[in-house]
Amino acid sequence: MKGDKKMFIVDSPSGSKMVVNGKEIINYSGCSYLGISDEESIIDAGVKALKQYGSLCQTPRHYGFNIPPYLEVVKSACDFFEVESATYFSTGYLFGNIVLQALKEEYDVIFLDEKAHYSITDGAYACEKPIFRFKHTDSYDLEKVLENNLEKDQIPIIATDGMFPTYGNIPPLNKYYEIISKYNGWIVVDESHSFGTVGNTGKGAIEKFNLPRDRVIGGGSMAKAFCAYGGLVLGSKKVIDLVTSSAPFWGTSSGMSASAAMTAESLKYVKNHPELLIKLRENIHYLKKGLNDLGINVEMTETPVATFVIGDSIKMKSIQKELFNKGVCITYSNYIGAGKDGVLKFSIFASHTKESNDKLLSLLKEYV
Ligand SMILES: Cc1ncc(COP(=O)(O)O)c(C=O)c1O
């Protein structure tokens, strides 16, 4: 809704049903992909932590203070993602900044996908290192840009999203890995949208391509599929030691106790409920197939985002408004990669029902 002052006011958990502007609607916007934003055990964990630790936790980890929810979230993250080490911080947006600065002495030049999220892009520009951008998800262009710009003995780092938010596309990390292996380089992957949704067990794009994590560092927001809050970095002990002594990590608070406690609980909950990912994938297949059957072409990928263009921005905004008036909320988006006229997009959740999916498809039928 860039530049648009009219806001939707949400008065309920952000899930597949939502109260918006006082009215209950079926919701296909946002990112609560696993559909657990109203899960009681996660909410209770947050409430309990707030009551126990109060509204403020000004106990910086770099001065040697910690509270159990921060320890618990790291343990849950290592357990869920099966990684050697991890750390937690207040917001996923800091991921790029924290990791790229933490590894600063380990690389010389940054190669950045031209449509990478602000988290990665802003983090890269804060590093005062040479930056070269490559065409979106294009490993051939990456190789060319890298060969043309990397000097002898320099070490590259590639920075990308694991799943791009607007079209839900996934970069060819396996090809990027082949490229960096020739230079002893690194890859940093913002998994904010791929955490919980991509890979066999929802560990993200790094899992999908089965890459070792020693030089491929994943992390990002827990405020998407996991329906919690804050950010994670996953990696080897060596990398996490660098991260936890970096300036951006020290320069911000560790986040609310409640956020850490909810994230820890959510990681455990998702691990114990593999049926969520199965249900999500059923919904993704059903809706993407349904769209293609209507003649609205979307790729049959595993990601929980279906994005398409119908007419120009005026037409798409009016479709969104009409659907909203009929009780279904989808997004008109002009976010990163959406192009001049923007796109219509819906986000698919594990909690969507066949009835709501059918309603969405039948409403869209009128516009094709
Ligand atoms: C790819 C990506 N990275 C990072 C963030 C920021 O996450 P958070 O809201 O936890 O700060 C977002 C949020 O929109 C995102 O889409």
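1. Let's start with the big picture. In this predicted model, 28 Å separate the centres of domain 1 and domain 2, taken over C-alpha atoms. Domain 1 is written in two pieces, 17–30 and 274–367, while domain 2 covers 40–272.

2. Next, look at where the two domains meet. Here 16 residues of domain 1 are in contact with 13 residues of domain 2. On the domain 1 side, α11 (275–294), β10 (305–308) and β13 (343–347) each supply at least two of the touching residues. Helix α11 has the largest share, with three residues. What kinds of residues make up that side of domain 1? There are nine nonpolar, five polar and two charged ones.

3. Now for the inside. The largest nonpolar core has 109 residues, and those touching the most other members are L34, A77, V99, A159, I187, V188 and V233. Helix α10 (257–272) gives the most to this core, with eight residues. Why does the core lie between the two domains? Both domain 1 and domain 2 give residues to the core, so that is where it sits. As background, nonpolar side chains tend to be buried together in soluble globular proteins.

4. Leaving aside neighbours within four places in sequence, V99 is in contact with V188, I217, G219, V233 and V243.

5. Is S259 buried or exposed? S259 is buried, because 26 other C-beta atoms lie within 10 Å. Not counting residues up to four places away in sequence, S259 touches A228, Y229 and G230. Take Y229: S259 and Y229 are 30 residues apart in sequence, yet 5.2 Å apart in space, C-alpha to C-alpha.

6. Helix α4 (118–125) is worth a look too. The buried residues of α4 are S119, I120, T121, G123 and A124. Which elements do they pack against? The list is α3 (94–102), β4 (109–113), β5 (131–134), β6 (156–161) and β7 (186–190).

7. There is also an open sheet of three strands, in the order β1-β2-β11, with mixed pairing. Its edge strands are β1 (17–20) and β11 (328–329), each pairing on one side only. Strand β2 (23–27) runs parallel to β11 and is joined to it by two bridges. To see how they line up, find I26, which stands opposite V328 in β11.

8. On to the ligand. Of the 14 residues around the ligand, G92, Y93, H117, S192 and S221 come nearest. The shell divides into three nonpolar, nine polar and two charged residues.

9. T137 lies in the loop between β5 and α5 (139–149), whereas D153 lies in the loop between α5 and β6. Which is buried and which is exposed? T137 counts as buried because it has 21 C-beta neighbours inside 10 Å. D153 is exposed, with 8 other C-beta atoms within 10 Å.

Key
Residues numbered from 1 in each chain as written. Predicted model: local features only at pLDDT ≥ 70, side-chain atom pairs only at ≥ 80, totals over all residues. Domains from an automatic or database assignment. Contact = placed C-beta atoms within 7 Å. Helix = DSSP H or I, 4+ residues; strand = E, 2+ residues; numbered from the N terminus. Nonpolar A, V, L, I, M, F, W, Y, C, P; charged D, E, K, R; others polar. Buried ≥ 20, exposed ≤ 12 C-beta atoms within 10 Å, placed from the backbone. Pairing = 2+ DSSP bridges. Core = buried A, V, L, I, M, F, W, Y, C linked by C-beta atoms within 7 Å. Near = placed C-beta within 6 Å.
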